[in-house]
Amino acid sequence: MSVLNASHACELFIKASIATHHPLLIFKDAFNFSPDEANGLSLENIIAKGRSHDFANLPKIYWAVTGKSLNRPDLFEDMRQTRNALQHFVEPEHKDLSELTLRFIYEVVDPLINSDFGIHALEYYEDINDGYDYTVDQLIKHEIEFSMPSNFCEGEVSWDEALADVNATYREWFHGAFLKATGTPLKSENSTCPH
């Protein structure tokens, strides 16, 4: 389900970004409506008769409308193929669906929603009351870059443990991203939360 849910979320966010430029641009048949029709371009008529762009074409439409490309088009395509396989009851070939979904959310969706809406995927964790320790730990483990909210704090897991096995480039990125998001340098990797 995570593959389908993440794909659907991405589809909705891309369409929302496109719609901020003009709502009719999300429909592939917007120009098939006729001024002679009784309801023409009324919202009711568009919803009843309109067809939005297919998931596969959304990166091209997004680029044409916004002038921006999605991050990791290769990952978008991998997710699209996996999504289609699952929707048609075919098991994808030897894939770690959890890692694929995690990478897709934080390497494709997160940059999109951060850039276009100023929000962070991390803030929409399933149960934010429990914190997002596990998610952040997995992002670090897989060396996945992600946007951090200004109140970012991992909580229970120590930075020292979380960053122990990552390469120096990722560790440097993490420290820089933390500073940029919170305005506070990560003073010690042993501290759990500097706030």
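On helix α3, the exposed residues K60 and A64 lie on the face turned away from the buried side of the helix. The model described here is predicted. The chain has eight helices and zero strands, and 39% of its 195 residues count as buried.

**Helix α3**
- Helix α3 spans residues 58-66, and its buried residues are L58, I61, Y62 and T66.
- An α-helix has 3.6 residues a turn, so residues three or four places apart point the same way.
- K60 and A64, by contrast, are exposed, on the face of α3 that is turned away from the buried side.

**Surroundings of α3**
- Among the parts that cover the buried residues of α3 are α1 (2-21) and α5 (97-117).
- G67 follows α3 and has a positive phi, near 80°.

**The chain as a whole**
- Read from the N terminus, the order of elements is α-α-α-α-α-α-α-α.
- Among contacts in the chain with a separation of 6 or more, 60% come from residues 24 or more positions apart.

Definitions and conventions. Residues are numbered from 1 along each chain as its sequence is written. This is a predicted model: local features need pLDDT of at least 70, side-chain atom pairs count only at pLDDT 80 or more; totals for chains, interfaces and linings use all residues. Side-chain values use heavy atoms; hydrogens and water are left out. Helices (H or I, at least four residues) and strands (E, at least two) are DSSP runs, numbered from the N terminus. Buried means under 20% relative accessible area, exposed over 50%, partly exposed in between (1.4 Å probe, protein chains only). Contact means heavy atoms within 4.5 Å.
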